[in-house]
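Good morning, and thank you for coming. Please look at the sequence and the structure on the screen as I speak.

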Amino acid sequence: MQQRTNSPSRTGRLSRRGFLAGAGAAAGAFSFGFSFPLPVRAVAQAAVKEVNAWVVIQPDDTVIIRIARAEMGQGSLTGLAQLVAEELECDWDKVRFELVEPGENRRRDRVWRDQSTGGSRAIRGSQEYVRMGGAAARSMLVQAAAQGWGVPAGQCTVAKGVITHQASGRSTTYGAVAEVANGIAPPTGITLKDPKDWTIAGQPAKRLDTLDKLDGSLVYGMDIAMPGMLVAIPKACPVHGGKLKSFDAAAVSGMRGVKHVLRVDDETVAVVADTFWRAKTALDALPIEWDNGPNANVSSETIAEMLREGLSAETEYVGNRAGDAKGALARSSRVIEADYGFPYQNHAPMEVINATVLWTPERCEMWGPTQVAEAALTALATAAGLPVENCEVHVKRIGGSFGRRLTTEYVTMATLIAKQVPGTPVKMMWTREEDMVQGRYHPVTQCRLRGSLDADGNLDALHMRISGQSIMAYMRPSIMTANGDPVTFQGLMPDGAEMAIGYTIPNLLIDHAMRNPHIRPGAWRGVNLNQNAVYLECFIDEMAQAANVDPLVFRRKLMANHPKHLAVLEAAAKGIGWETTKPPEGVHRGLAQVMGFGSYVAAAAEVSVSAGRLKIHRIVAATDPGYVVNPQQVEAQIAGSFVYGLSAMLYGECTVKDGRIEQENFDTYNVMRLDEMPVVEVITVPSGGFWGGVGEPTIAVAAPAVLNAVFAATGKRVRNLPLKNIDLGTS
């Protein structure tokens, strides 16, 4: 891997209130409201005081670092711990972790700040203040030791949790002075390390959340078991927006293990039983009558027709404009036009939606997975009808999410069920079928692209019309503007630190005709960057073909004003040997690049197509996220993002019939298998000076790089996904 870091140290200020808000509460802050097995590290922690909100050190020198962001397999838990440990100067082999509960965060004036985890922001959104937390703790520990020795703290050094006073030859450990350090005033100014001096961060440190997965001791939300616990299985109207008309509870109430048959809300019924299987069996047998409402006749075809109308309709929503694209296109004699389409896609994580809730008239608690712990706490309190200070969410690590648990409707549902069974813990679990049918789907869109070439074969004008669903109009209407949904234009914005386009085109118009079918959309990993990269990067290849110019050379002309975009594209192209080596016989190459979530990414793919069968041999990915906290995790994240992105490209499609999603399980919603996975090579070129994301950006370049290679192999343009619907035969 190539790594370059060059950034000045940063200085920040921390108040004693910020670090010690609620000091003394830590010992009891994380205890549950009733009996539940606690991790050994949490039991041990109850006997010691914290140094500050981020750091607890036990007498045996074990360092517990508190993590406020969600861990769902992406590795941010370890990355954040590395950043704290780097400034703390502790022994990484002695580091453990503890997840922060949102109620405790609230009680302590949000000392841990934002607990939401999405948009690849877990590390980049909190790196500065967690580093400050580690640095402040180090200062307090050193001061405690120096105070005991009666020497100036500036004469003391620390390495791997051992504090040394060289002049006297004395030394001590963090564990020995941790309790005293808790009473030391935190520093008023903190200077953070220059990343070039990192020894723990920036290294491929072992993950902290692996062992209990390997030995099976990790308790995911759906694994929770408690004394007297019941299991609730809900079922909502399969047509989104429809209603629950009636159900015959008497038909199943006498079945073995069934305790309750409940109306949850206007859409949902639930069976509560002593085991999952008994609840599911009864629910399957329950006579239910639905009112499917006005969307009962909607289909994929009618949705597609709605979107096609938007391709040529008038719209006021403009994401990027330069020059006069429409005028230039009207004047040009060399116009290329293509329509693309992107389907609904399901998050389909292995861990289905679940939450365990205990409700009493005085208190309500939830155990389960969420990406938005604070929003989940608010939803819990609202549904419970209790003050938020009487509620708590006990955050669990997540068995896959990909954006699905950014919503909280399932927290509300679980609470409404538990409220009808007071004093009893109720684990609400969705069946796989319910999880698939009641998803929050990657939005369906179409795109019409029209581009013109000047006399020299240069891209002179481009009009990119997106027609389709707005995620934020459904999820967060408060951020909608007079110009529509800003998330629609991810990767296409004229500038900015998040989603800027990588090309300078003299006449450019990128706009959006918002068309919102009834299917509920959501933030599917990578969000709108995914389809936008397919649309733009595949069409840029079409323009290069029309100009009879190599796709890399064609892009270079457009990227002179975008050096960071170009740098990763050049790195990927060099890595695959685009201009230096020929691929094996029958193997063809494709390129793609994009900026998303603050990072610059590119991919170069090698594929072959034989008898209509696609084989993806190799993908070289390049990324510039500014800084790399853990190189091994970056490699794993990028490889994993290709699994997700390529699965979607090959198979990911949710279709609609009679108003409802048709794909109810993995037999009809496929994912790629191990033998389909290409070799992935990762090149990191961190240029410093900014912090970008890792988990989502490279998903977006997986499909267009492969699709461009497919064209090179077959001469066929694939403009609608997934590939399972496309005949790649070359005859």
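How many salt bridges does a search of the whole structure find? The search finds 43. Please keep in mind throughout that this is a predicted model.

I shall begin with three of these pairs. In the first, Arg107 forms a salt bridge with Glu392, and their closest N and O atoms are 3.2 Å apart. Arg107 belongs to helix 5 (residues 102–107) and Glu392 to strand 19 (residues 391–395), so this pair ties together parts that are 285 residues apart in sequence. The two partners can also be described by their accessibility. Arg107 counts as partly exposed, because its relative accessibility is 42%. Glu392 counts as buried, because its relative accessibility is 1%. Both residues also belong to a network of salt bridges, which links Glu50, Arg66, Glu98, Glu104, Arg107, Arg108 and Glu392.

The second pair is Glu498 and Arg124, which form a salt bridge with the closest N and O atoms 2.4 Å apart. Here both partners sit in loops: Glu498 in the one between helix 15 (471–475) and strand 23, Arg124 in the one between helix 5 and helix 6, so the pair ties together parts that are 374 residues apart in sequence. With 24% relative accessibility, Glu498 counts as partly exposed. Arg124, by contrast, is buried, with a relative accessible area of 13%.

Glu606 lies in strand 25 (residues 599–610) and Arg589 in strand 24 (residues 588–596), and the two are 17 residues apart. Are these two residues buried or exposed? Both Glu606 and Arg589 are buried.

Let us now turn to a charged residue without such a partner. Arg525 is found in the loop between strand 23 (507–514) and helix 16 (529–547). Arg525 is buried, yet has no salt bridge. The nearest side chain of opposite charge belongs to Glu696, and that side chain is 6.1 Å away. Since a salt bridge requires the nitrogen and the carboxyl oxygen to be within 4 Å, Glu696 does not qualify as a partner for Arg525. What does the side chain of Arg525 reach at 2.8 Å? It reaches the backbone oxygen of Gly695. Leaving out residues up to four places away in sequence, Arg525 touches several others, among them Phe402, Gln637, Tyr644 and Ile699.

The loop between strand 23 and helix 16 also holds Pro517. With 10% relative accessibility, Pro517 counts as buried. Pro517 and Met306 are 211 residues apart in sequence, but their C-alpha atoms are 8.4 Å apart in space. Apart from neighbours within four places in sequence, Pro517 is in contact with Ile303, Met306, Tyr344, Val444 and Gln469.

The largest cavity holds about 90 Å³ of space. Which elements each supply at least two residues of its lining? They are strand 4 (63–67), helix 4 (76–88) and helix 6 (127–149). The lining residues include Trp54, Arg66, Leu80, Trp112 and Tyr129.

Thank you for your attention.

Terms used
Residues are numbered from 1 along each chain as its sequence is written. This is a predicted model: local features need pLDDT of at least 70, side-chain atom pairs count only at pLDDT 80 or more; totals for chains, interfaces and linings use all residues. Side-chain values use heavy atoms; hydrogens and water are left out. Helices (H or I, at least four residues) and strands (E, at least two) are DSSP runs, numbered from the N terminus. Buried means under 20% relative accessible area, exposed over 50%, partly exposed in between (1.4 Å probe, protein chains only). Lys and Arg count as positive and Asp and Glu as negative; His and the chain ends are not counted. A polar contact is a pair of N or O atoms within 3.5 Å; within protein, one must be able to donate a hydrogen and the other to accept it, and residues adjacent in sequence count only if both atoms are side-chain atoms. Contact means heavy atoms within 4.5 Å. On a 1 Å grid over the protein atoms alone, a cavity is a set of points where a 1.4 Å probe fits but cannot get out, and a pocket is an open set with protein on both sides within 12 Å along at least five of seven lines; lining residues have an atom within 4 Å of a point. Grid points are joined across faces, edges and corners, and a volume is the space filled by probe spheres set on the points.
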